[in-house]
Amino acid sequence: MKGILLAGLIILAAGCRKNEPPKEDLVPTKAVVAGERLIDFDERNGAFACRAPADWKALEDQGGGGSMVMFFGPRSGPDKGKVSMSVSRYPDGVDLIKTPQDYWRMLQITGRKPSALASIQVGARMGYCVHHEEPQHPPAGWKALYMNREDTVIIPHQDGFFTISHTAPADTYRKTLPVFKAVVESFQPKRRP
């Protein structure tokens, strides 16, 4: 008898519970590129806006310099945790890199063997592009796990420039390159904070 009463109370409690509304995306998808949903992204201080992968992890700078935002993805598959995109602004106040040519020279000085700095059209603006490869090392060790390829687009703006970079394993970087190109094409510099 107690078992029947307990079962009845459980069924009654389950029937009184509110159904949770279905989870829906709070940020609408603006495009799908190479299987990745893209959303509109606005930098927290209003320095730029662009499209960004909706399902990738985003880390914004907390005021310590370096990248303004980094996106890490994809969330699954063989390249999980190996691909990133970042947006940085130069000069950042203390940086010796003041021109796109300085940026290219920095890549050379640090031994990265960059490609030539090439002019490109980015929407209605002129910009530059460069790429290089370098080994990916484990956190504690020097043995190369694989080679990374980094593609960077440089967009001049006001008294400096932005870099938008895509880093991925050299043998699979083409998988996420269309996502990078969509981010670059949508990039809109705004005011300098």
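Strand β2 (residues 36–42) and strand β3 (residues 48–53) run antiparallel and are joined by five bridges; strands here are DSSP runs of E with at least two residues, helices are runs of H or I with at least four residues, and both are numbered from the N terminus. Two strands count as paired if DSSP finds at least two bridges between them. Within this pair, D40 stands opposite R51 in β3.

This is a predicted model, in which local features need pLDDT of at least 70 and side-chain atom pairs count only at pLDDT 80 or more, while totals for chains, interfaces and linings use all residues. Residues are numbered from 1 along each chain as its sequence is written, and side-chain values use heavy atoms, with hydrogens and water left out.

The strands β2 and β3 belong to an open sheet of four strands, ordered β1-β2-β3-β11 with antiparallel pairing. β1 (31–33) and β11 (188–189) each have a single partner strand and stand at the edges, so one side of each lacks a neighbour in the sheet. Helix α3 packs on this sheet and touches β1, β2, β3 and β11, where contact means heavy atoms within 4.5 Å. The direction of α3 makes about 160° with that of β3; axes are lines fitted to C-alpha atoms, for helices over the stretch in contact, and angles run from 0 to 180 degrees between N-to-C directions.

## The seven-stranded sheet

A further open sheet has seven strands in the order β4-β5-β6-β10-β9-β8-β7, with antiparallel pairing. Its edges are formed by β4 (57–60) and β7 (118–122), each with a single partner strand, so one side of each is left without a neighbour in the sheet. From one strand to the next, the twist averages 25°.

β4 pairs with β5 (residues 69–73) in the antiparallel sense over four bridges, and E60 stands opposite V69 in β5. Helix α2 (residues 100–109) packs on the sheet, touching β6 (83–90), β8 (125–136), β9 (146–157) and β10 (160–169), with its direction at about 10° to that of β8. Helix α3 (residues 177–186) also packs on this sheet, touching β6, β7, β9 and β10, and its direction makes about 165° with that of β10.

## E150 in strand β9

E150 lies in strand β9. The residue E150 is buried, that is, under 20% relative accessible area with a 1.4 Å probe and protein chains only. E150 has no salt bridge, defined as a side-chain nitrogen of Lys or Arg within 4 Å of a carboxyl oxygen of Asp or Glu. The nearest side chain of opposite charge is R112, 6.1 Å away; Lys and Arg count as positive and Asp and Glu as negative, while His and the chain ends are not counted.

Leaving aside neighbours within four places in sequence, E150 is in contact with Y103, V130, H131, H132, S165, H166 and T167. The side chains of E150 and T167 make a polar contact (3.3 Å), meaning a pair of N or O atoms within 3.5 Å, of which, within protein, one must be able to donate a hydrogen and the other to accept it; residues adjacent in sequence count only if both atoms are side-chain atoms.

Methods:
Buried < 20%, exposed > 50% of the residue type's maximum accessible area, 1.4 Å probe, protein only.
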